[in-house]
Amino acid sequence: MDPRLIQSFRQFQRVVTRDVGALQADFLVRGRPFAASRLLWEIGETGVEIAALRSRLGLDSGYVSRLLRSLETEGLVEVAPSRDDARARVVRRTAAGAEEARTLDSLSDDVTSALLSELDEDEQRALDSAARTVTRLLTRPHLTVEVVDPASPTARWCVAQYYAELQASFDAGYDPTKAVAVGAAELTEPRGAFLLVMLHGQPVGCGGVTLPAGEPAFLKRMWVAPSARGLAVGATLLDALEERARLSGADVVRLDTNSALGPACRMYEARGYAQVPDFNGEPHADRWYAKGL
């Protein structure tokens, strides 16, 4: 490894941790260190198993336990056995904890705005581009792809998020009952596959592919969580779906979409998909794409 690269990255770490206040014992003047506030944020709105939280953040059990006890003492979180597994423990925010998380977000935005205000517009754009690049490159090694049962709870949750986003994006709304039917059997091996992209144990993307013998493969229900956009989740998912199609013997992969989904259309075109005539009569689509494998 080039020593200059290592030195540059060490300098980057020092500048960022200093300027965002991560070294302060009283992070954002809330009476606790950065690690405790970060843990409160990572718990999320619905709670999380403590083991999953430790794994996501790469922290040891003892340290997480101490941080959670301090948050419990403040009345910000509650720890209880999991409803699904009595051996596991789940931590959830209290009402006060939810309010504190919103306060932390607001204060963090203020700090960021103050830092950016010291830069002119060109410098702000340069920093934005650099930050996106660093985030994407450091996140990519943590993305994993899993083949799952499309009827599993996690798969159904992702598809529900996908449908809700389409409903909000399309002027006429989205009615899945009127869409071209693709059932669970068609997205289950050997007729197809349904994939999840996971980041630190959490689903951040999904997509299915049908693999009809002797016909083009068909991509369906591709979705990336808003919080994970810009992290190469879509590219990772598309690579995996295309590879499944290629291994099945397909030489063409097709999909339908809508021009209201601009970023998705741009991604497809950048990755070699070309617009083709309507091939399936999907009522919610106004664009159809195909790509040779």
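Helices (H or I, at least four residues) and strands (E, at least two) are DSSP runs numbered from the N terminus, and two strands pair if DSSP finds at least two bridges between them.

The antiparallel pairing of E2 with E3 runs over five bridges, and Val79 has Val91 in E3 as its bridge partner.

## Basis of the model

Residues are numbered from 1 along each chain as its sequence is written, and side-chain values use heavy atoms, with hydrogens and water left out. Because the model is predicted, local features need pLDDT of at least 70 and side-chain atom pairs count only at pLDDT 80 or more, whereas totals for chains, interfaces and linings use all residues.

## Helix H2 and its surroundings

Helix H2 (residues 34–43) has Ala36, Ser37, Leu39, Leu40, Glu42 and Ile43 as its buried residues, where buried means under 20% relative accessible area, exposed over 50% and partly exposed in between (1.4 Å probe, protein chains only). H2 is followed by Gly44, which has a positive phi, near 75°.

Two packed helices are described by the angle between their axes and the distance between the axes. Axes are lines fitted to C-alpha atoms, for helices over the stretch in contact, and angles run from 0 to 180 degrees between N-to-C directions. Angles under 35 degrees count as roughly parallel, over 145 as roughly antiparallel, 65 to 115 as roughly perpendicular and the rest as oblique.

H2 packs with H3 (residues 50–57) at an angle of about 120°, the axes lying 11 Å apart, which makes H2 oblique to H3. The crossing of H2 and H3 is right-handed; a crossing is left-handed if the near helix is turned anticlockwise from the far one by less than a right angle, and right-handed if clockwise. Arg38, Leu39, Glu42 and Ile43 of H2 make this contact with Leu53, Arg56 and Leu57 of H3. By class, the contact of H2 with H3 has four nonpolar, no polar and three charged residues, with Ala, Val, Leu, Ile, Met, Phe, Trp, Tyr, Cys and Pro counted as nonpolar, Asp, Glu, Lys and Arg as charged, and the others, Gly among them, as polar.

The axes of H2 and H5 (residues 95–116) come within 10 Å and cross at roughly 115°, which makes H2 roughly perpendicular to H5. This crossing of H2 and H5 is left-handed. On the H2 side, Ser37, Leu40 and Trp41 meet Gly97, Glu100, Ala101, Leu104 and Asp105 of H5, and the residues of this contact divide into four nonpolar, two polar and two charged.

## Strand E7 and its partners

Strand E7 (residues 217–224) is mostly covered, with eight of its eight residues buried. E7 pairs with E6 (residues 202–210) in the antiparallel sense over five bridges, and Gly205 has Val224 in E7 as its bridge partner. E6 and E7 form a hairpin with six residues between them, and Gly214 in the turn has a positive phi of about 75°. With E8 (residues 252–257), E7 pairs in the parallel sense over two bridges, Ala217 having Val253 in E8 as its bridge partner.

## The protein as a whole

The protein has nine helices and ten strands, and 35% of its 293 residues count as buried.

Terms used: Contact = heavy atoms within 4.5 Å.
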